[in-house]
Amino acid sequence: MVIIAYDLGTGGVKAALYDDSLKVLAKSFMEYRTYFPEAGLHEQKPSDWWNGVVESTKQLLAASHTDPQAVGAVAISGQSLTAIPIDGSGAALLERVPIWSDGRAKDEARRFFETVDEERWYMTTGNGFPAHCYTIFKLMWMKAHQSEVFSNMKHVLGSKDYINYRMTGKILTDHSYASGTGGYNLKEARYQEEFWEAAGIDMDILPKIVPSDTVVGYLTEQAAKELGLTTDTAVMAGGVDIACMALGATGIRDGAAYISLGSSSWVPVTACRPVLDFKTRPYVFAHIEPGMYTSAYSIFAGGSSLRWVRDNLFTEFGSQAYGEIDRLAQSAPVGANGILFNPSLAGGTSQDKSVNIQGAFVGLSLLNNRADLARSVLEGIALNLKQSITYLQRKVQMEDEILICGGGSKSAVWLQMFADILDVRVLKTNIDQDAASLGAAAIAAKGMKRIGSYQVIDGIHRREACYRPDRAVSDQYKTVAKRFNHLAEVLSEFGDYCGA
């Protein structure tokens, strides 16, 4: 038996074909577009997700010469906090739907907290992103601004649950995805009825919650025909992207943490209890493993800040731009000759003093050059994530090394910088950018009883490099970190002042 795992992300769908020992046999990537019709509105087409899944499946089968009959199961890791309304016939009611970063529901969130205590809501749900990002508030917005859509809505589905529905005709979700709706009780593992009542949302539209490794159903004849598979292929409930990535990156070890260096960047820790703090608001999801949680802080524009710098300051280097940034950064001293870069180009997260914080280069002088700018960018992202680690360490005992995965892990220069700034051992393994798809594949393997426990994931990782902190450099970065933290405070105040 072979397994197909789909990582349904913001930039596209990454798919991988695994054997039942979780060895990768083939990979594929299909990009899709995000639409920005107005300030704060971030939308994608569910039809693009489906087309990406269809095309990537065909690519995997062709590249690996796999017999469709051999594909025993599929599972999806899906981007969080999406809201796809469907009618009684199962048709999507919107061509484009709000994705996780969409900010349209700010007024609805404010109205909700006029009757619901915000601290109690957070401590119950662990939903530490800006509140308006969560599904419950997007539904309130639909009710207020898209009344016809809302009145015709029979169910609301998340990203991976919509694809599962297209595959099987079944309407279900799992605990990890439900925990990002804004109306889920983390500790009791159920929807919190009073929050949905306060929002004016009928809970009948919500999908039933099942464990992630549940077989939702089997491919319908239509889905099998489109995908090039058979109706014998099982479809698993799957999980939300951050929980699948946590599973694939660190398994189920209590206190294990990793850094994801993607377009957005985050630091999650897997633990037997949720990390909750109303002041700094880590965001928490139910883990794929029952009774465990993944708690994290994030930067909304980690890798995308670096991409912005590449596209605006290093355009002449073309495909070699990231290598040139590394080369120049390595030639500049610790602290980038006084330049600090704050990567909040997409606004602030829960750990910032204000969601209105904006990015900045600060400390420029006539003595600075492009090498200083390059180093300051890499340092700034790492320093921002150091804040995240510091907050987590105050609440939970963490392992003394941290795995880094995602696109940014290709840079040895940056990984050494992380080791020095975080003052911990930084690990790179063979899994790299495949953590979420590995997590999804493990869900399928467990659901199909090919593995007995997620503990097997530890044995799949092979260490490729370990970066150790240079004590002298780490000491220098302690001073730089103090300046960076002060800058974040100032930029937050400036953002609020400007009404960003």
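This is a predicted model: local features need pLDDT of at least 70, side-chain atom pairs count only at pLDDT 80 or more; totals for chains, interfaces and linings use all residues.
Local features need pLDDT of at least 70 and side-chain atom pairs count only at pLDDT 80 or more, while totals for chains, interfaces and linings use all residues. Residues are numbered from 1 along each chain as its sequence is written, and side-chain values use heavy atoms, with hydrogens and water left out.

**View 1. G180 sits in the loop between α7 (175–178) and β10 (184–185).** Helices here are DSSP runs of H or I with at least four residues, strands are runs of E with at least two, and both are numbered from the N terminus. G180 counts as buried because its relative accessibility is 2%; the cut-off is under 20% relative accessible area, with a 1.4 Å probe and protein chains only. Leaving out residues up to four places away in sequence, G180 touches L81, N127, Y134, T135 and F285, where contact means heavy atoms within 4.5 Å.

**View 2. Helix α10 (residues 241–250) packs against helix α15 (residues 435–447).** Their axes, lines fitted to C-alpha atoms over the stretch in contact, lie 6 Å apart at about 90 degrees. That makes the pair roughly perpendicular, a label for 65 to 115 degrees. From α10, C244, M245, L247, G248 and A249 meet α15 residues including A435, L438 and I443. The contact residues split into 10 nonpolar, two polar and no charged.

**View 3. Helix α10 is largely enclosed by the rest of the structure, since 10 of its 10 residues are buried.** Among them are D241, M245 and T250. Just after α10, G251 takes a positive phi of about 65 degrees.

Notes: Buried means under 20% relative accessible area, exposed over 50%, partly exposed in between (1.4 Å probe, protein chains only). Axes are lines fitted to C-alpha atoms, for helices over the stretch in contact, and angles run from 0 to 180 degrees between N-to-C directions. Angles under 35 degrees count as roughly parallel, over 145 as roughly antiparallel, 65 to 115 as roughly perpendicular and the rest as oblique. Ala, Val, Leu, Ile, Met, Phe, Trp, Tyr, Cys and Pro count as nonpolar, Asp, Glu, Lys and Arg as charged, and the others, Gly among them, as polar.
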